Amino acid sequence: MLLNLSILIFFLLFLIFAISKWKVHPFIALILTALAMAVSFGLGGKESVDVVLRGFSGTLKGIAIIIIIGAFIGEVLQDTGGAFRIANTIVKGVGKKKLPWAMGFTGYIVSIPVFVDVAYILLQPVTESLSVKSKKPVLYIGLALVAGLMVSHTLIPPTPGPLAVAELLNLDLGRMLMINIIVGVFAMIGGVLWVIFYCKNSWLDYDEKLKSTLTKDNESADSSNTEDTGNVLLDLLPIVVPIVLIGMGSFVTLEDNNLFTTIFNFLTIPLIAVLMGAFIALFQLRGPGRSSKLNALVEQAILKSALVIMITGAGGALGFVIKETGIQNQIVDVFANFPFLGILLPFAVAAILTVSTGSITVSLVGSASMLAPMIDSLPVSPEMVAALIGCGSFCVVHANSSLFWLLNRLHEIPPKRLYKTLTMQSLVMGLSGLVGVLLLKLFGF
């Protein structure tokens, strides 16, 4: 057991140093680490390759096409000036000082039905336009959004992760929802405050590039559309429609075997919902050369998405290797020998699983599966255990997380800067959520 844990720690440290210190490309570092780890755990050469390939393909199966389509919607909003119009409206409505809170609560609501990566890609053009309009760093706006996105994705059903936790621990869903909403607000506040106090001057080279590009694009869109400056409600539709459709699919269950149910169930599939958003975005493209412009935007979306998709797949491969080795069970066995940890056990197990696998959902499901047999012996209610698992699951986001590389590629943020901002923000959020749980415990929940 000790040997396996040592191997795991060694390879995780190797991964971090390879990317941040030795400047190895993250795709190469993740794939080589996954292969080497699989062999070191005794899976054998052929089986190691097979596990890595299954992890890679399984990760991309549900996300790759959605990422490309979401990026296309973003390209259309940038090209037509729609993102800038949305940003203008938000700034006028909430003011520059309240922007982080507005983005945090937006993320909190949006990511209940929609996965973090998909939600961020859909809102990327608005995030970047808000950065230019408010004259704030893109990290300042983007990480405030991330604070809300991560919290609801991890804690609030019917997102698949927390829903699975509720099922595995046999929870009262209503009580779980009430507790997790309160804990989630604590965690989000911690994340937004981190942004306000630490990231307000976190300027990147990309900020200057963004300012130049978006200003020119906005001027071009305005000059080519002098009669109709655009309607912000129409600009919002390509973003809102997919979110609403996916949300309806999560909250509403129709079992009647009729035409309406069939159509409803089809339209609420995430891929189809995002496709609907892209179809609506097409109507924003006007003027001569519409066909050639469409092809150019699709190509730009594919090129921008390719690196994100490949690195996401590589991260998934590494997580799958760890899952196949069963090392997570040994981690729980180690913590089971320290019963004095008590209330911190679910938090610590989930945090270690996220650090190891890079997947919040894997951490949620894995932690709940392992802790279910001992749920009655823990000093808190099962619903509080679920909240502790959730807080631990988003406690440390680093180099094997798809979100880490999504932000790196979308905004050209250096890995070292992400460690100092995103990784530290996730730690603050996890600890803030833990404070929320302890306060609820103090008041008798």
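This is a predicted model: local features need pLDDT of at least 70, side-chain atom pairs count only at pLDDT 80 or more; totals for chains, interfaces and linings use all residues.

Biologist: Okay, is Asn-408 buried or exposed?

Modeller: Buried, with a relative accessible area of 8%. That counts as buried because the cut-off is under 20%.

Biologist: And what does Asn-408 touch, leaving out residues up to four places away in sequence?

Modeller: Ile-413, Pro-414, Pro-415 and Leu-418. With Ile-413 there's a polar pairing too: its backbone oxygen lies 2.6 Å from a polar atom of the Asn-408 side chain. As for Leu-418, its C-alpha is 7.5 Å from that of Asn-408, and the two residues are 10 apart along the chain.

Biologist: Switching topic. How many disulfides are there?

Modeller: The structure holds 0. Take Cys-395: the nearest cysteine sulfur belongs to Cys-391 and is 8.5 Å away, while a disulfide needs the sulfurs within 2.5 Å.

Biologist: So where do Cys-395 and Cys-199 sit, buried or exposed?

Modeller: Cys-395 is buried at 4% relative accessibility, and Cys-199 is buried at 0%.

Biologist: Now the largest nonpolar core. Which residues have the most contacts inside it?

Modeller: Leu-169, Phe-394, Leu-407 and Leu-422, in a core of 138 residues. Helix 8, residues 138–155, gives the largest share of this core, with 13 residues.

Biologist: What does Leu-169 touch, then, again skipping residues up to four places away in sequence?

Modeller: Ala-368, Ala-372 and Ile-375, plus Pro-382, Val-385, Ala-386 and Ile-389.

Notes
Residues are numbered from 1 along each chain as its sequence is written. Side-chain values use heavy atoms; hydrogens and water are left out. Buried means under 20% relative accessible area, exposed over 50%, partly exposed in between (1.4 Å probe, protein chains only). A nonpolar core is a set of buried Ala, Val, Leu, Ile, Met, Phe, Trp, Tyr and Cys residues joined through side-chain atoms within 4.5 Å. Helices (H or I, at least four residues) and strands (E, at least two) are DSSP runs, numbered from the N terminus. Contact means heavy atoms within 4.5 Å. A polar contact is a pair of N or O atoms within 3.5 Å; within protein, one must be able to donate a hydrogen and the other to accept it, and residues adjacent in sequence count only if both atoms are side-chain atoms.
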